Amino acid sequence: CRSTDYGTTYEKLNDKVGLKTVLSYLYVNPTNKRKIMLLSDPEMESSILISSDEGATYQKYRLTFYIQSLLFHPKQEDWVLAYSLDQKLYSSMDFGRRWQLMHERITPNRFYWSVAGLDKEADLVHMEVRTTDGYAHYLTCRIQECAETTRSGPFARSIDISSLVVQDEYIFIQVTTGGRASYYVSYRREAFAQIKLPKYSLPKDMHIISTDENQVFAAVQEWNQNDTYNLYISDTRGIYFTLAMENIKSSRGLMGNIIIELYEVAGIKGIFLANKKVEDQVKTYITYNKGRDWRLLQAPDVDLHGSPVHCLLPFCSLHLHLQISENPYSSGRISSKETAPGLVVATGNTGPELSYTDIGVFISSDGGNTWRQIFDEEYNVWFLDWGGALVAMKHTPLPVRHLWVSFDEGHSWDKYGFTSVPLFVDGALVEAGVETQIMTVFGHFSLRSEWQLVKVDYKSIFSRRCTKEDYQTWHLLNQGEPCVMGERKIFKKRKPGAQCALGRDSSGTVVSEPCVCADWDFECDYGYERHGESQCVPAFWYNPASPSKDCSLGQSYLNSTGYRRIVSNNCTDGLREKYTAKAQMCPGKAPRGLHVVTTDGRLVAEQGHNATFIILMEEGDLQRTNIQLDFGDGIAVSYANFSPIEDGIKHVYKSAGIFQVTA
């Protein structure tokens with residue numbers, strides 16, 4: 001069925017897709033929502049139905065393979081990658097009408113489109129290809145030029161299966177040798193460098209949490225951890241990591257995936273919530289400077305009924321459930337929105353530790369500084385009208401008839417009936433960014449009945465458009481301190497109780513000005529540890545007099561003062577000069593450990609086609625070393641000022657034979 005009026009009426013499409021066609025999945029093109037793909041049930045047939053008019057009409061195409069998943073290009077609306085049930089990767093440049101095989105033995109979910117501004121070609125694909133000996137290789141190629149001779153291997157060695165991650169400016173891989181895992185990163189498509197964790201760290205698992213704002217958040221499970229991870233944050237290039245918090249709680253998702261209980265608050269940079277395991281208790285902490293400083297959440301002063309809450313830090317505090325919902329039709333246990341900065345709604349409890357039974361719903365209107373309880377049971381809470389209104393529905397296995405709406409950030413609620421017959425609610429959908437204030441609730445009247453769709457239209461509640469007089473300002477504070485991430489920020493929001501519609505540009509920053517740099521704007525650099533509030537001292541395993549950690553990357557290095565400014569912190573002057581690292585020249589070091597490898601790791605080249613060689617050196621500076629490469633066929637080349645970031649050295653063998661290549 002199809003609706004063009006937000007679910008008021010529906011038109012049956014059985015005759016347009018085929019009366020006997022059984023459908024399994026629907027995809028909407030993220031860059032052009034008029035274009036839709038429907039997949040047939042693979043147990044019945046292998047075909048695809050394509051619409052270019054928002055599902056009004058369809059064209060059916062037979063396929064020679066069975067699609068498991070699709071990945072659309074982030075910019076080009078007609079470019080699609082298809083992953084088949086037999087682990088092959090196909091590409092299409094005409095929105096699924098014709099397909100071309102790219103590669104076989106692709107690891108599930110380990111293929112990625114190019115990133116604009118970083119990859120040279122828009123049609124480049126990054127993929128992890130498994131080998132017959134139980135390893136994998138990281139390969140790249142263009143979708144229409146993916147023959148063996150045109151593929152590139154940006155990392156010369158084999159990698160661990162399911163380790164390739166391409167995200168924003170970074171590419172991550174894992175290599176295990178002798179039972180110990182090593183992790184590598186490429187920043188902005190430069191040569192891969194080994195990730196540096198503190199020397200005492202013995203990781204057995206790593207998850208990339210975030211790569212926002214030119215910094216990596218990584219959760220690392222040490223050899224002695226089972227249900228917790230340590231949180232590390234990196235420098236801009238993603239190489240040098242420092243510890244931000246130990247023993248963050250982890251759990252398993254519905255599909256067996258690892259969930260790290262760390263939540264980034266939307267709308268205001270630098271604010272994170274984390275559930276930390278302290279002995280046998282789980283407690284919730286908050287940071288306002290990307291993990292430099294953490295503190296417990298202050299419990300509300302009064303409970304839902306206005307009675308005083310006797311809950312004093314550090315023995316008693318507020319604790320929240322931080323798992324993001326894996327169900328797109330549920331609000332989840334915690335939510336915040338870019339369009340409603342400062343507003344956070346979460347399920348939790350007050351007391352000495354996080355509870356899984358005695359829970360209610362809490363809200364913060366100031367980015368987590370203060371909290372109020374809004375329900376004493378678990379509710380789903382959705383943001384309506386760009387975050388200007390809240391809609392709540394009881395989370396229960398029993399049928400419900402009512403929902404609640406608040407225009408004053410949960411201080412008061414109006415009760416509305418949305419169905420005359422109680423409904424077992426399976427989920428609800430509030431379309432992101434829609435200004436029409438419409439919600440679709442779906443469920444069953446009984447456990448044996450068919451699905452019911454209920455359209456809830458809130459337009460009549462919003463009496464008018466908001467004007468300038470309907471807004472007020474608020475200051476972002478961290479325990480009274482007005483400078484957060486090096487900035488003093490003032491936001492605007494609708495005055496409580498004003499029942500007017502906000503619109504797209506209603507909330508956001510009114511004033512943003514830099515602050516003078518203070519101690520809390522800096523974190524300890526790699527190899528240094530915090531002592532007290534504002535002292536960074538060298539770790540027991542680190543020699544600050546040795547510049548070797550940076551000299552492998554070039555002819556100069558930054559002589560650390562023990563501090564580095566927090567990434568994306570915008571403070572100016574003050575202590576900035578005192579804590580800024582100074583550039584120093586690297587001492588000359590003799591070259592050692594020269595290696596020559598092929599980009600794909602194979603020792604075979606096709607006659608008349610390019611063979612690409614990579615030069616690696618364990619010690620010394622490639623840019624100041626003279627390299628001579630003999631291809632073994634009578635041709636040799638010599639390089640000075642050789643850059644390890646280049647795409648390798650290409651050579652064409654004009655005759656067949658066995659050649660000894662030496663460097």
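Patches here are made of residues with over 30% relative accessible area and no salt bridge, where like charges are joined within 9 Å and nonpolar side chains (Val, Leu, Ile, Met, Phe, Trp, Tyr) within 5 Å. A salt bridge, in turn, is a side-chain nitrogen of Lys or Arg within 4 Å of a carboxyl oxygen of Asp or Glu. Accessible areas come from the Shrake-Rupley method with a 1.4 Å probe, and for residues only the protein chains shown count as cover.

Keep in mind that this is a predicted model: local features need pLDDT of at least 70, side-chain atom pairs count only at pLDDT 80 or more, and totals for chains, interfaces and linings use all residues. Residues are numbered from 1 along each chain as its sequence is written, and side-chain values use heavy atoms, with hydrogens and water left out.

**The surface patch**

Tyr200, Leu243 and Phe540 together make a nonpolar surface patch of about 330 Å². Tyr200 sits in the loop between β15 (193-194) and β16 (203-210); strands are DSSP runs of E with at least two residues, helices are runs of H or I with at least four, and both are numbered from the N terminus. With a relative accessible area of 36%, Tyr200 counts as partly exposed, which is the range between buried (under 20%) and exposed (over 50%), using a 1.4 Å probe and protein chains only.

**The disulfides**

Now for the sulfur. The structure holds six disulfides, each being a pair of cysteine sulfur atoms within 2.5 Å. Here are some of them:

| Pair | S to S distance |
|---|---|
| Cys141 and Cys146 | 1.9 Å |
| Cys483 and Cys515 | 2.1 Å |
| Cys517 and Cys571 | 2.1 Å |

Take Cys141 and Cys146: the torsion about their S-S bond is about -75°, so that disulfide is left-handed. Both of these cysteines are buried.

The link of Cys483 and Cys515 is left-handed as well, with -95° about the S-S bond. This pair ties together distant parts of the chain, 32 residues apart: Cys483 is in strand β39 (residues 483-484), and Cys515 is in the loop between β42 (508-514) and β43 (522-524). Cys483 and Cys515 are both buried.

What is the handedness of the disulfide of Cys517 and Cys571? The torsion about its S-S bond is about 90°, so it is right-handed. Again distant parts of the chain are linked, here 54 residues apart: Cys517 lies in the loop between β42 and β43, Cys571 in the loop between β47 (563-565) and α3 (576-579). Cys517 counts as buried at 4% relative accessibility, and Cys571 is buried with a relative accessible area of 1%.

Cys1, by contrast, counts as exposed, because its relative accessibility is 65%.
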